[in-house]
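Colleague: I would like to learn how to read a structure like this one, feature by feature. Please give me the general idea each time, then the case at hand.

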Amino acid sequence: MQTLTVDLGERSYPIHIGAKLLHQPALILPHLAQKRVAIVTNTTVAPLYLQTLGDGLALNDVDVVPIVLPDGEQYKTWETLNTIFDALLTHRCERKTTLIALGGGVIGDLTGFAAASYLRGVPFIQIPTTLLAQVDSSVGGKTGINHPLGKNMVGAFYQPQLVLADTDTLKTLPPRELSAGLAEVIKYGLIYDAAFFDWLEANVEKLRALDAEAIAYAVRRSCEVKAEVVAKDERESGLRALLNLGHTFGHAIESGMGYGNWLHGEAVAAGTVLAADVSRRMGLMSAAEVERVRSLYLRAGLPDTAPDLGVEAYMQHMGLDKKVEGGRIRFVLLRGIGAAFVTAEVPQADLEAALTHYVQPA
């Protein structure tokens with residue numbers, strides 16, 4: 001097991017990364033305010049891991065309330081959030097009852113937002129079971145739900161007490177979900193660490209084959225970058241915005257295509273190619289670098305083109321992005337691999353050219 005720390009002063013918390021961590025309730029017990037938890041999971045993850053986690057806690061005299069939700073991005077809504085509240089109130093869960101998110105990014109975002117809201121704030125723990133959640137969404141305290149007009153538009157910054165990333169859970173991931181997680185891993189190399197991008201180019205096939213050593217390194221390095229960025233900019237006032245590379249385009253794809261039709265990582269991959277192409281058109285990045293980005297995404301089992309929603313639809317969806325400031329869309333672009341920055345100074349002609357060149361019929 002490897003342990004990292006998200007350094008937020010009194011609200012700092014550990015990230016444990018390793019195999020068979022779900023079988024080690026001793027890692028969780030010190031972080032419980034009382035011996036009562038509500039485990040929020042979904043219909044896909046529950047049959048795989050709920051009993052292991054619940055039984056391990058119960059053997060240590062922890063009362064467990066299971067809350068099983070439907071699976072899918074399309075359920076990241078007010079209605080599903082209220083399902084969590086209904087269960088918490090029905091079971092008379094208190095302010096010291098810890099919520100445990102057992103699942104992927106949707107479960108983590110829903111559970112975190114529920115924890116931030118229920119009784120004006122209760123503790124929660126992230127136990128991510130997908131690669132995307134382990135390397136990205138479980139770390140940093142972003143929680144929320146989708147709105148029909150935009151992704152993650154309603155939520156809160158609310159940090160967990162602990163992140164427990166059991167890499168053995170990745171063995172039950174469908175290949176498409178594993179690839180979706182690799183999109184976020186690749187992002188860290190692009191924004192912050194060119195040497196990590198080089199390593200990913202050399203090892204992407206090992207990652208897709210779930211080579212234990214390669215997976216452990218990729219998760220650790222991704223979490224290191226995320227933890228460092230969050231510690232410096234918890235509420236995304238500057239540096240943390242770089243983590244949204246590809247997301248302005250990607251969120252437009254997700255909402256434009258209907259939540260759940262494109263996985264988040266797939267949309268981020270296509271969105272990152274668009275961002276790289278805009279960067280190239282602005283003279284910031286070479287054509288060869290754009291091709292390296294496209295090639296790595298393809299080798300990771302991800303798309304390198306976006307659906308053709310039409311320029312106008314893209315602009316409408318991106319106009320609802322959380323990074324819009326003063327009515328202007330702020331994009332994360334690249335001055336080469338490993339060097340991201342945020343700007344609102346993007347020529348409309350370059351934007352439209354990218355949105356008509358790197359697209360395929362929706």
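Colleague: Is Thr98 buried or exposed?

Modeller: Buried means under 20% relative accessible area, exposed means over 50%, and partly exposed is in between, using a 1.4 Å probe and the protein chains only. Thr98 has 0% relative accessibility, so Thr98 counts as buried. Keep in mind that this is a predicted model, in which local features need pLDDT of at least 70 and side-chain atom pairs count only at pLDDT 80 or more, while totals for chains, interfaces and linings use all residues. Residues are numbered from 1 along each chain as its sequence is written, and side-chain values use heavy atoms, with hydrogens and water left out.

Colleague: Where does Thr98 lie, and which residues does Thr98 touch?

Modeller: Helices (H or I, at least four residues) and strands (E, at least two) are DSSP runs, numbered from the N terminus. Thr98 lies in strand 5, residues 98–103. A contact means heavy atoms within 4.5 Å. Leaving out residues up to four places away in sequence, Thr98 touches His31, Leu32, Ala33, Arg36, Val37, Ala38, Pro123, Phe124 and Ile125.

Colleague: How many aromatic pairs are there?

Modeller: Rings of Phe, Tyr and Trp (its six-membered ring) pair if their centres lie within 6.5 Å; planes under 30 degrees apart count as stacked, over 60 as edge-to-face and the rest as tilted. The count by this rule is seven aromatic pairs. In one of them, the ring centres of Phe196 and Tyr217 are 6.0 Å apart and the planes are at 75°, so this pair is edge-to-face. Phe196 belongs to helix 6 (residues 194–208) and Tyr217 to helix 7 (residues 212–232), so the pair ties together parts 21 residues apart in sequence. Phe196 is buried, at 1% relative accessible area, whereas Tyr217 is partly exposed at 26%. Ring pairs also link Phe196, Trp199 and Tyr217 into a cluster.

Colleague: What sits over the ring of Phe341?

Modeller: A charge sits over a ring if NZ of Lys or CZ of Arg is within 6 Å of the ring centre and within 35 degrees of the ring normal. Over Phe341 sits the charged end of Arg335, 3.7 Å from the ring centre. Lys187 lies over the face of Tyr188, at 4.8 Å from the ring centre.

Colleague: How many salt bridges are counted?

Modeller: A salt bridge is a side-chain nitrogen of Lys or Arg within 4 Å of a carboxyl oxygen of Asp or Glu. By this rule there are 25 salt bridges. One of them joins the side chains of Asp136 and Lys226, at 3.3 Å from N to O. Asp136 is in helix 4 (residues 131–137) and Lys226 is in helix 7, so the pair ties together parts 90 residues apart in sequence. Asp136 is buried, with a relative accessible area of 10%, and Lys226 counts as buried at 4%.

Colleague: What does a salt bridge between Glu345 and Arg328 look like?

Modeller: The closest N and O atoms of Glu345 and Arg328 are 3.0 Å apart. Glu345 lies in the loop between strand 12 (340–343) and helix 12 (348–357), and Arg328 in the loop between helix 11 (311–318) and strand 11 (331–334), so the pair ties together parts 17 residues apart in sequence. Glu345 counts as exposed at 52% relative accessibility, and Arg328 as partly exposed at 41%.
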